[in-house]
Amino acid sequence: MNMNARRLDFIFAVLLIGTALTWWMGETGHAGPAAVLGILAIAAVKGTLIIRDFMALRGINVFWPTMVIGWLLLVLGIIMGGYWKGL
Amino acid sequence: MNSPAIADIKVHHPPGDLAIWVFILAELLAFGVFFTTYVVTRMHNVALFDEMQLTLDRNAGALNTVFLIAGSWCVARSVAAIKLDHRAASARWLLWGILAGGGFLVVKLFEYSAKFEAGINLATNTFYMFYLSLTFFHFMHVILGMVILLAVWLKAHRGGYSAADHHGLETGASYWHMVDLVWIILFPLVYVMR
Amino acid sequence: MQYKSQSVAKLYFIAAIGLFVAQILFGLVMGLQYVMGDFLFPHIPFNVARMVHTNALIVWLLMGFMGAAYYLVPEESETELFSPKLAVLMFWIFLVAAALTVVGYLLVPYAGLAKLTGNDLLPTMGREFLEQPLPTKLGIVVVALVFLFNITMTVLKGRKTSISIVLLLGLWGLAIFFLFSFYNPDNVVKDKFYWWWVVHLWVEGVWELILGAILAFVLIKVTGVDREVIEKWLYVIVTLTLITGIIGTGHHYYWIGTPEYWQWWGSIFSALEPIPFFAMTLFAFNMVNRRRREHPNKAATLWALGTGVMSFLGAGVWGFLHTLAPVNFYTHGTQITAAHGHMAFYGAYVMVVLTMISYAMPILRGRAANSNKAQVMEMWAFWLMTVAIVFITLFLTAAGILQVWLQRIAATPMSFMDTQDKVALFYWMREWAGVVFLIGLLVYIWSFFCKGEDKTAA
Amino acid sequence: MAGTFTTSMARNIFFGGTIFFLLVFLALTFQNEQIIPQRDQRAQLAANPAIAAGKKLWETNQCIGCHTLLGEGAYFAPELGNVYKRRGPEFIKAWIKTQPTNTPGRRQMPQFNFTEQQLDDLTAFFKYVSEINTSNWPPNIEG
């Protein structure tokens, strides 16, 4: 076991918790702006972890993480905007 | 093993071949436009989308999320292993990643067959047009990702990658993580949020 | 010229330019018929002029592609052509078939031509761009297959470069998708659906591979940039082309009886189609900026850069303007489509063939580049034709916008013919721009005969 | 290692990506074939041979060289996909019979010397096309 592998395991655990949380919010019928914001925040965290650690864009030329994380935040932002207008 | 985590060394390019990254950006753009279209269309059909969303199998969606992040994790571990030159472990992790992808496909096929038996197709209504289009497009990406991983595994299995040279492995891994990343948005958007 | 057999390309290029002139002349006839409806009626009705205009275009572009392939493949493969004789024979068969077809169009009423050429055996005629009689269609298949055999054998016996692989793939795709022109079901929806497998998958699919390969070849030659660099980017660009363009076919499936999901798939993927064209523009400029040598043929470089810019404008921007389903609902089947068609064909395919001719023709005539005087003249032709096509496009776009407004959006919509009268001014301006185009073309041809101090021998 | 960009990888992605998107397109085509029977009026086509005869007349007289049909064709003369609804069968037949108008300066349509039978076939074809489900295109009856 090295540092890097342990870190990956930890991130995997966080991703599982995030997924369980999203699923739970769906099961318990959470709806409305607060729920959407919460679910999108979870997705943002999960996505960022995947991009930075699994895709290993952490610590490389800023162009790449900016593009991919920028894509993630832009899409999530658009979704938030769309749900804000039509909930 | 206490060698330094190699991923922490500053490098200027993303892991894998630059060509796959151009492809990944193009794919992300296509999915991004697809998601945006979904959101805009939903704004005009909130009642329909909210009603139809309840007919989806959320448990299957969540289970598939687990499969994909597990698959992504396995492949990340495979890359971590090869960086320490643990070739057998790397190949093993890769195989687990492919199996996780297979799990995703099986669950998805059960989900689809239930929908098809109910006579649902792309012309059923706007929500199902999006549900089927988005998930099918993504489904095909999972298959493509698995094909790539399989090709990578064949080489890894023969010990073809090493700590010094694992360019192909990283290329395949980057694509596979992209498939996971897209689902991280797709699942809450189509199955959960209302 | 490195290989003797490359010289067959010359025949193809000359015939291509000849048909180009015919295309433009008939275009001017049609343009005049738009405003003087009875011009040349009943001798050359509009439909006949249009058939000659579009079919001449297709045939001369095919001739240009074939000539380009015959020039490019021996040099890339570093070997003589498999069979130069076969290439010459196919040229004459193709030219005679094309000439007979045009004569048939002009002298025999179309229904009579159909009867005469055995259309009853397998009805394939009378669909847009696929008007050719059955024997001509079969002839195209034979010529294409023999051509492909010749080229493929050449590549197989020599060096296999990325450029020749992409080119071959494009040419094979061209031949394969043409086979759908023989499928003509009674069901109009299916007829139209598979008709696009020829038309769209040609111009927004495999032809772009040919375009990319030719452009990459000329860029290597005129800039001296490493083949490695250019070939990598060629692959990236053609990848982007096909991943957007194949499903982009859906933008033709909005209103022809096909299911509505195509509106979404078609809009999304065709909206991404400008990306490969933009990449191509960047590619062309980037390579020219990084050039390692000053090639004496300045005109060829100008055409290459022009292809990058004009294909992006014509195919990319003007395509995007009306590709989204909610917009296309109003613009489908109007002059907007015609505007896009003119600039896209010129910017992408006409210009790339002229790029190749501009680069190869001086070498085929035994010099590295034409004299300064001839090049200046060729560049004048470039600007005259390019500016003319920009104005043709702008005027047709204006006519189209007005047409959409009067006929489709206004509270009391006008009839088609009344609308046409209202936009006549734009048609007149388009016709004058067309005259400028013809002048540009004549200057272009003149530049071949311009004497002057030749640049160093090839 | 990180940061390379190789021709062979670019080529593999080109082939892989192309095959992939071709497969997606074929899947969409497969679905298309399953749905169009609800939209393309094929029952009419099977029941009435005049429609196919009319389509052949439409093709062998190269009508598409001036007109559009469901928005595709030349843009020189009116849209005929919905002409049956716009004008009705009698007008269509009378119009074709009286061509050309010979009005100076006006766009001219040739005289095709159709028989009554052929005119009926053509109108049957126009009726069939006008009933295809085109997602409400054109925006209005003028085409």
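Analyst: Two residues are said to be in contact if their C-beta atoms, placed from the backbone, lie within 7 Å. Please keep in mind that this is a predicted model.

User: With that cut-off, what makes up the contact between chain B and chain C?

Analyst: Chain B contributes 13 residues to the contact and chain C contributes 12 residues. On the side of chain B that touches chain C, the elements giving two or more residues are helix H1 (18-44) and helix H5 (126-157) of chain B, and H1(B) gives the most, with 9 residues.

User: Which classes of residue form that side of chain B?

Analyst: The side of chain B that touches chain C divides into 11 nonpolar, 2 polar and no charged residues.

User: How do you know which pair of chains shares the most contacts?

Analyst: There are 4 pairs of chains in contact, and of these chains C and D share the most contacts. Their contact takes 57 residues from chain D and 61 residues from chain C. Helix H1 (7-35), helix H2 (42-47), helix H3 (49-60) and strand S2 (72-73) of chain D each supply at least two residues of the side that touches chain C, with the largest share, 14 residues, coming from H1(D). By class, this side of chain D has 27 nonpolar, 18 polar and 12 charged residues.

User: What is said of chain A and chain C, and of chain A and chain D?

Analyst: No contact joins chain A and chain C, whose closest C-alpha atoms lie 15 Å apart. Chain A and chain D do not touch either, and their nearest C-alpha atoms are 10 Å apart.

User: Why are H6(C) and H8(C) called roughly parallel?

Analyst: The axes of helix H6 (residues 162-178) and helix H8 (residues 227-248) of chain C come within 9 Å and cross at roughly 25 degrees. Angles under 35 degrees count as roughly parallel, and H6(C) and H8(C) are therefore roughly parallel to each other. Their contact is made by Ser162(C), Ile163(C) and Val166(C) of H6(C) and by Glu231(C), Leu234(C), Tyr235(C) and Val238(C) of H8(C), residues that divide into 5 nonpolar, 1 polar and 1 charged.

User: What makes up the secondary structure of chain A, and how much of the chain counts as buried?

Analyst: Chain A comes to 3 helices and 0 strands, following the pattern α-α-α along the sequence. A residue is buried if 20 or more other C-beta atoms lie within 10 Å of its own, and 41% of the 87 residues of chain A count as buried. Along the principal axes, the C-alpha atoms of chain A fill a box of roughly 45 × 30 × 10 Å.

User: How is chain D divided into domains?

Analyst: Chain D is divided into domain 1 (1-38) and domain 2 (41-143), and the C-alpha centres of these two domains of chain D lie 39 Å apart.

Technical notes:
Residues numbered from 1 in each chain as written. Chains lettered and ligands numbered in written order. Predicted model: local features only at pLDDT ≥ 70, side-chain atom pairs only at ≥ 80, totals over all residues. Helix = DSSP H or I, 4+ residues; strand = E, 2+ residues; numbered from the N terminus. Nonpolar A, V, L, I, M, F, W, Y, C, P; charged D, E, K, R; others polar. Domains from an automatic or database assignment. Buried ≥ 20, exposed ≤ 12 C-beta atoms within 10 Å, placed from the backbone. Axes fitted to C-alpha atoms, helices over the stretch in contact; angles between N-to-C directions. Parallel < 35°, antiparallel > 145°, perpendicular 65-115°, else oblique.
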